[in-house]
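I opened this notebook to keep track of what I looked up in the model, entry by entry. The structure goes in first, and my notes follow.

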Amino acid sequence: MSTRRMGAEPVADGSGWAAVDMAWTAAQWRRLRRARVATMVVFFFLALLLAAWAPRIPQVKDALALGDGELGLALLGAPVGAIVTLWGAGVLVSRLGSVPVIRFSLVAYATLGLVIIAATGPLSLFAALALLSGASCALDLSANAQAAAVEHRFGRRIMMMVHAAWTAGALVGAGLGAAAAAIELPLSIQFSVLGALTVAGALPLTGWMLRGDGSRESASTGFVVSDAAADELDGADGEVETGDSAVGARDGVVGAGAETHARPATSMLPPPPATGLSPASAVPAPPPAPAARPVTAVTPRALLPFVPLSVIAFASFLGEGAAADWSAVYLTDVTGASAGVAGIGYVAFMACMLVVRLVGDRAVETFGIRRVVRPLALTAAVMFAVALASGATRTGTALGIVGFAVLGAGLACVIPAAFSAAARAANLVGLPAGAVIAVVSSVGYAGWLTGPPLIGGLAELVGLRGALWSVVAFTCAIALFAGTLAGPARSSWTSGERGTSAPSRRSVPPRPQGSADMS
């Protein structure tokens, strides 16, 4: 049988990944990789549509004849919609699983942009943005829950690569939005085309996603694949790929040297390896999956251990929001850069964030989360401080762009690691991962939404350069508390709570003796 060994050795800082020896057929490994690809595509289109809207805001302002105050009031619809939606979306993900929520919110998100076109004033624009932001946040949260489920099955970190897809989508979307604004493309055409691309490009791939991360789905078997992927996983005709032969498990058709083994039709358990033994001495059927850990009630007390992760998410999102809203203003007003040059600051921020996220998973598995996040955050804090100190000099513009670029690299790993640690800890103690990610996301988004206005208010008192020193302080705090991102201890992850001998939640049997370990 052609198999691949799946699982990962514990990372250097013992962040909770167990050393699991799991034999998977090449087909099963391919299905799991497809679930990762589907999740990344959803993240890409999520950022694409949102980033393409931002450059069109001035046009909407002029079309509706809004003043600065009226526009500010209308734009508050986005945070209001996000806050109202996040917790409800977390509850739905916890009960129904991430896939149904992804499908519904994806279609809603792709179509609700057209509601903005119908806005006739600040209040209607407020309502339209609230609806769009609500769908966006529901899609964001459910996609993060799906990414956590895929990461759990992979047995190693993939969250940063998944979030790299979001960053890439944001870069592409910002470019498309700016180009559409330059040629004065009607907003209705932009939303229609991008919405259609989002549905056509992402919705069909949700059939590849894992389901079973909701309480109604995971009561007995843990994570399973969606119906479409399950049919393909077990073979369209009831066969499982085994390299040189196929075993018709569902129809009782047995290949040479193999034996029929009953297993759940949609489980992720590997089929028995082809050992060349007679049926009587073939490897016994794998044991049934262990009973799922009882689900703990989501109460404020149960969520207290996740406060540190939420605070780190708040600090990181505040830095991201400051770069998005204030980088161009800082480079223009403080360093004297032209409008064209000022836009480079945020592009450099996003580009460096993308590069670090592309290699972040491998780096964290090699060196550990502390040894990756802490040096990056400290370097970002130092370089951004140097940029602020040199703001009024001749090199202020160049150092400012470098400062924002390094800040993007320093914050790149924080949010993916926070969501990953939250999901793993939730699985460990029996809390719904969707509800926990909703809590961490809510606090984190509060940093994104409230940080820029707070910096603006502080700038009225001490100037913008002085106000941005708060970003340096929050980045230093991330470096100080980077150990929180390591998640649960390895001993707890592998042996259950409080040192008991509870079985691991990974419902995969040990590799039978004598089976091949081919990579």
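This is a predicted model: local features need pLDDT of at least 70, side-chain atom pairs count only at pLDDT 80 or more; totals for chains, interfaces and linings use all residues.

Residues are numbered from 1 along each chain as its sequence is written, and side-chain values use heavy atoms, with hydrogens and water left out.

Entry on backbone angles. I looked up E184, whose phi is near 55°, a positive value in a residue other than glycine. E184 sits in the loop between α7 (159-182) and α8 (187-202), where helices are DSSP runs of H or I with at least four residues, numbered from the N terminus. Because its relative accessibility is 61%, E184 counts as exposed. I then turned to A65, which is not a glycine either and has a positive phi near 55°. A65 belongs to the loop between α2 (57-63) and α3 (68-75), and it counts as exposed because its relative accessibility is 62%.

Entry on aromatic rings. I took rings of Phe, Tyr and Trp (its six-membered ring) as paired if their centres lie within 6.5 Å, calling planes under 30 degrees apart stacked, those over 60 edge-to-face and the rest tilted. By this rule I have nine aromatic pairs. One of them joins W29 and F154 edge-to-face, at 5.5 Å centre to centre and with 75° between the planes. This pair links distant parts of the chain, since W29 is in helix α1 (residues 26-53) and F154 in helix α6 (residues 122-154), 125 residues apart. I found both W29 and F154 to be buried. Elsewhere in my list, ring pairs link F317, Y445 and W448 into a cluster.

Entry on a charge and a ring. I looked up R34, which lies over the face of W208 at 5.2 Å from the ring centre; the rule asks for NZ of Lys or CZ of Arg within 6 Å of the ring centre and within 35 degrees of the ring normal.

Entry on L399. I placed L399 in helix α15 (residues 396-411), and with a relative accessible area of 25% I recorded L399 as partly exposed. Leaving aside neighbours within four places in sequence, L399 is in contact (heavy atoms within 4.5 Å) with A387 and S390. I also noted that the C-alpha atoms of L399 and M383, 16 residues apart along the chain, are separated by 8.4 Å.

Key. Helices (H or I, at least four residues) and strands (E, at least two) are DSSP runs, numbered from the N terminus. Buried means under 20% relative accessible area, exposed over 50%, partly exposed in between (1.4 Å probe, protein chains only).
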